[in-house]
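Please keep the sequence and the structure in view while reading.

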Amino acid sequence: MKHLLSIADLSGSDIHGLLELTDHMAEISQRLIPKVPALRGKNVVSLFFEDSTRTRTSFDTAAKRLSADTMNFAVSSSSVNKGESLRDTIETISAMGVDAFVVRHKSSGAPQMITRWTTASVVNAGDGWHQHPTQALLDCYTIRTNLNRRDGFDGLHIAVVGDIKHSRVARSDVQAFAALGAHVTLVAPPTLLPPSLEGWPVDVSYDLDSVLPDLDVLYLLRVQRERMDDALLPSLREYSSMYGLTAARAARLSPQALVMHPGPMNRGVEMVVDPAELAGSVILDQVTNGVAVRMAVLFHLLGSGADLKGDAP
Amino acid sequence: MPATTGPREVLSADDIRRALTRIAHEIVERNHGTEGLVLVGLQRGGVWIATELAGFLAGIEQAVPVGSLDVSFHRDDVGLRPIVPGHVTSIPVSLDGRTVVLVDDVLYTGRTVRAALEALNEYGRPHAVQLAVIIDRGHRQLPIRPDYVGKNLPTAGDEDVQVSPDGVVIA
């Protein structure tokens with residue numbers, strides 16, 4: 001595998017292989033000195049054209065734990081402000097000797113375009129509404145470890161709640177959960193669902209309360225406040241009363257159910273109850289696992305030399 | 001050159017047991033007991049041997065902790081060998097000040113042991129590191145020697161030495 005652009009490029013067994021590799025990386029992170037020389041001499045460049053704190057620092061930490069050299073390309077202080085095109089930026093940095101680009105961009109498909117202009121590996125760290133594959137992998141890893149589902153998600157019921165339409169996390173997660181065998185239900189007001197769900201391996205519900213008791217995992221998406229301007233939501237308060245996780249709703253979850261959120265959280269909107277008081281909250285585990293999963297991805301692309309079974313061309 | 005063709009047994013299961021019994025006594029003698037010792041089996045071939053050895057040690061002196069070490073990410077040929085899933089490192093105690101006995105099935109080029117020595121540093125600073133192997137087959141490429149050997153076995157470079165609880169076979 002050369003690039004990681006979309007979960008759609010991965011089979012169930014590819015995902016499984018990356019999660020098994022993540023076990024090794026999670027162990028490294030627990031060592032007294034959590035650093036191994038596996039990617040010594042490799043150069044990983046983060047190119048974030050969109051704001052991010054956790055994804056960027058997570059990739060940075062992952063690369064450093066594998067002893068890769070890292071370079072952060074700060075778009076705000078770069079020649080992009082002088083009108084340099086994306087292509088010229090990529091070709092210029094590539095000429096310095098780069099092994100992997102970690103790219104976030106507001107336009108769907110930008111990472112795919114970048115693969116044409118460089119011989120380096122490209123990791124998609126979020127592109128528009130399209131994909132955020134490492135988020136999906138870390139979510140799968142979190143479910144796998146917390147529910148002890150090493151062999152797959154057969155029989156698990158996962159609800160993804162919120163702004164599905166504009167969410168690259170939802171698109172990536174749904175594909176990954178389904179590839180591992182889970183039953184996925186999307187819960188959202190009709191205005192926040194994509195116009196067509198053809199090809200999505202999901203059920204749809206407009207009523208969170210009716211699906212709550214049956215869930216193994218409740219996955220809350222961030223409500224993007226800018227959507228309020230698009231008049232897709234009448235008010236945040238109404239969203240919260242219909243789809244927010246309140247103490248009353250949390251009490252109706254099964255005691256073993258996990259509550260997940262990709263962050264950053266809107267407290268009082270989708271997350272009304274304090275997650276620190278939720279027994280099933282694994283939101284900080286997601287962050288911790290993010291580093292291990294990104295180590296596995298970088299190692300797989302740059303260091304392993306071995307193809308996962310059923311590797312995509 | 002061996003006259004026979006096909007796999008040839010050089011140690012039986014009983015021979016391995018006897019060798020490990022002897023090595024256990026050598027470890028106790030050399031270290032004046034088992035206090036402060038920890039056995040670390042190298043993934044994958046050394047792990048069962050470390051467990052067996054710990055059993056013999058427990059029969060002689062105080063039992064010692066056993067761990068396992070995956071050196072994949074420290075190898076100088078990382079990338080040439082696939083990472084084997086499910087064989088994750090597990091070091092149950094801090095290694096600071098302890099004497100670590102690394103355990104592996106076959107000592108060959110010495111590169112695995114070099115990687116293991118480097119990996120151990122991430123778990124603390126051991127007082128000393130010793131090496132126990134069932135087979136020393138020669139062909140060292142690094143200045144590394146074993147402290148405890150089940151059997152010295154001169155081999156040709158193209159031969160394959162396989163160690164299992166059922167015995168040692170050259171193929």
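## Backbone exceptions in the loops

B:His139 lies in the loop that runs between strand S5 and strand S6 (148-152) of chain B, where strands (E, at least two residues) and helices (H or I, at least four) are DSSP runs numbered from the N terminus. The model is a predicted one, in which local features need pLDDT of at least 70 and side-chain atom pairs count only at pLDDT 80 or more, while totals for chains, interfaces and linings use all residues. Residues are numbered from 1 along each chain as its sequence is written, and chains are lettered from A and ligands numbered from 1 in the order in which they are written.

B:His139 has a positive phi of about 65 degrees although it is not a glycine, and with 13 C-beta neighbours inside 10 Å it counts as partly exposed. By definition, a residue is buried if 20 or more other C-beta atoms, placed from the backbone, lie within 10 Å of its own, exposed if 12 or fewer, and partly exposed in between. A:Asn148, in the loop between helix H5 (133-146) and strand S5 (157-161) of chain A, has a positive phi too, near 55 degrees, but counts as exposed because it has 8 C-beta neighbours inside 10 Å. Most residues other than glycine have a negative phi, and most peptide bonds are trans.

| Cis peptide bond | Omega | Loop of the second residue |
|---|---|---|
| A:Gly263 and A:Pro264 | about -10 degrees | between strand S9 (258-260) and H10 of chain A |
| B:Gln43 and B:Arg44 | about -5 degrees | between S2 and helix H2 (47-60) of chain B |

The domain assignment, which is automatic or from a database, divides chain A into domain 1 (7-132 + 287-302) and domain 2 (133-283).

A nonpolar core is a set of buried Ala, Val, Leu, Ile, Met, Phe, Trp, Tyr and Cys residues joined through C-beta atoms within 7 Å. The largest has 95 residues, and those touching the most other members include A:Leu66, A:Phe101, A:Val161 and A:Leu298. Helix H10 (residues 283-302) of chain A gives this core its largest share, ten residues. Both domain 1 and domain 2 of chain A contribute residues, so the core lies between them.

In helix H3 (residues 111-120) of chain B, the buried residues are B:Thr112, B:Val113, B:Ala115, B:Ala116, B:Ala119 and B:Leu120. Because these fall within an arc of 160 degrees when seen down the axis of H3(B), they line one face of the helix, the arc being that of the directions from the helix axis to the C-beta atoms. Their cover includes strand S2 (37-42), strand S3 (66-69), strand S4 (99-107) and strand S5 (128-136) of chain B.

Between the chains, 16 residues of chain A are in contact with 15 residues of chain B. A:Ile28, placed in helix H1 of chain A, counts as buried, with 23 C-beta neighbours inside 10 Å. Leaving aside neighbours within four places in sequence, A:Ile28 is in contact with A:Pro34, A:Val36, A:Arg65 and B:Phe73.

Key:
Two residues are in contact if their C-beta atoms, placed from the backbone, lie within 7 Å.
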